[in-house]
Protein chains: 2
Amino acid sequence: MRLIPGIPYRFEDPELLTQALTHRSLGRHNYERLEFLGDSILNFVVSARLYELKADNNEGELSRLRARVVRGETLAAIATGLKLSDYIRMDKGSMKSGGDKRGSILADALEAIFGAIYIDGGFEPCHSVILHICGQFIADLPEADELKDPKTRLQEWLQGQGHALPVYSLEREDGPPHKKHFQVQCVAAAAGISVTGQGSSRQKAEQAAAATALEQVSLNPGR
Amino acid sequence: MRLIPGIPYRFEDPELLTQALTHRSLGRHNYERLEFLGDSILNFVVSARLYELKADNNEGELSRLRARVVRGETLAAIATGLKLSDYIRMDKGSMKSGGDKRGSILADALEAIFGAIYIDGGFEPCHSVILHICGQFIADLPEADELKDPKTRLQEWLQGQGHALPVYSLEREDGPPHKKHFQVQCVAAAAGISVTGQGSSRQKAEQAAAATALEQVSLNPGR
């Protein structure tokens, strides 16, 4: 096989494409080394594109935008759109596993294909293919500010209003060690905020509480 | 300024080089966005070189080798060799700060220079400059195995000998919260190992204990 529909590149060496599509369950000649390489090319090509497009964003904002593009979830969705699962070779056991694991295999194989294109054809074709495949997603990215986590956004909003920082306190922690459950309270008295959040870690519970606080605030922006 | 001795690239746009050498203490037109870009190019070029050179290493080993090249310590040493500190522009306060902080500024500026070369001249010259500057360090890297942390190496050695895994236990923890001190014991009875290690975190103390165990083992490999 020399090409995959939707990926505008024809391989000189079809073995490279085969390797990029071979899961480690089929032995040593698998996609993992190519994935290592492809991941770093993807990271660079996306960084360069964001640098160009987002002249007003600082390096922290650029990092957040990049993370949104190169994370497994995004790559798995792109790989699914390309129907990569029709081409991936793995043993029957791995084939049956579904869900997240399958998504991450698709994402890995997509990165490996980028790596294989670089080895087969060099930087320019690889660069074009990545922008062809990810360009629309990059163009449609939300503003960098919207990608901040809820705690950061809440803190910035409070500071903007001249209020003190919110105080998070643990209200409850239960469940067995492998399945903990946390409940956290978030209070910003001056802004009239007192909400709770829950999650499988203290950090997640705090983020959930902050997200609830932000909802309240956007419903009642004058408070 | 269009060039820096030791970096074989002449800038079309000297402003880009100036920006790459400007610390954020001098305002918004600083090296941080270029550093974001340069970091990702460096990562890719080093990955591609390691992929070529280290055909027998798997992706985990390649990652460890890459980390050794792109870490701040290595880049600061390279930047020092290039006398970058003679060219960096920052305010007087930042100028006086020494040591680690200064090293990390040098490393950041070096990455920013790589980013500036990419913007000024494209991928090929940037690729050549990175290999010119880092190639020797890459060629001189130790074997991937030697870069594993002591706990991993001890575990692998014990498994290779058919022994059980080592047991780490906390012997002492003292000092104020900002300056904790830990002492850990590491026991692998079947191999006759019982040593202690100390450090500012439990993890560091365990690694120190494992390092001591590995020294014992290499002095008495037959045990």
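This is a predicted model: local features need pLDDT of at least 70, side-chain atom pairs count only at pLDDT 80 or more; totals for chains, interfaces and linings use all residues.
Which domains does the domain assignment of chain A give? Let me open with that point. The assignment gives domain 1, covering 14–142, and domain 2, covering 150–219. Taken over C-alpha atoms, the centres of these two domains of chain A are separated by 35 Å.

I turn now to the way in which chain A and chain B meet. On the side of chain B, 18 residues are in contact with 18 residues of chain A. Two elements of chain B each give two or more residues to this side, namely helix H2 (32–53) and helix H3 (59–70). The largest share comes from H2(B), which supplies 12 residues.

My next topic is the relation between the two copies. Chain B is superposed on chain A by a rotation of 180° with 0.1 Å of shift along its axis, and the RMSD is 0.2 Å. The two copies are thus related as by a two-fold rotation axis.

Which residue of chain B comes closest to the rotation axis? That residue is B:Phe44, whose C-alpha lies at 3.3 Å from the axis.

Finally, let us consider which surface each copy uses. Of the interface residues of chain B, 100% are also interface residues in chain A, and therefore the copies meet through the same surface.

Thank you for your attention.

Technical notes
Residues are numbered from 1 along each chain as its sequence is written. Chains are lettered from A and ligands numbered from 1 in the order in which they are written. Two residues are in contact if their C-beta atoms, placed from the backbone, lie within 7 Å. Helices (H or I, at least four residues) and strands (E, at least two) are DSSP runs, numbered from the N terminus. Copies are superposed by least squares on the C-alpha atoms of residues with pLDDT of at least 70 in both. Domain bounds come from an automatic or database domain assignment.
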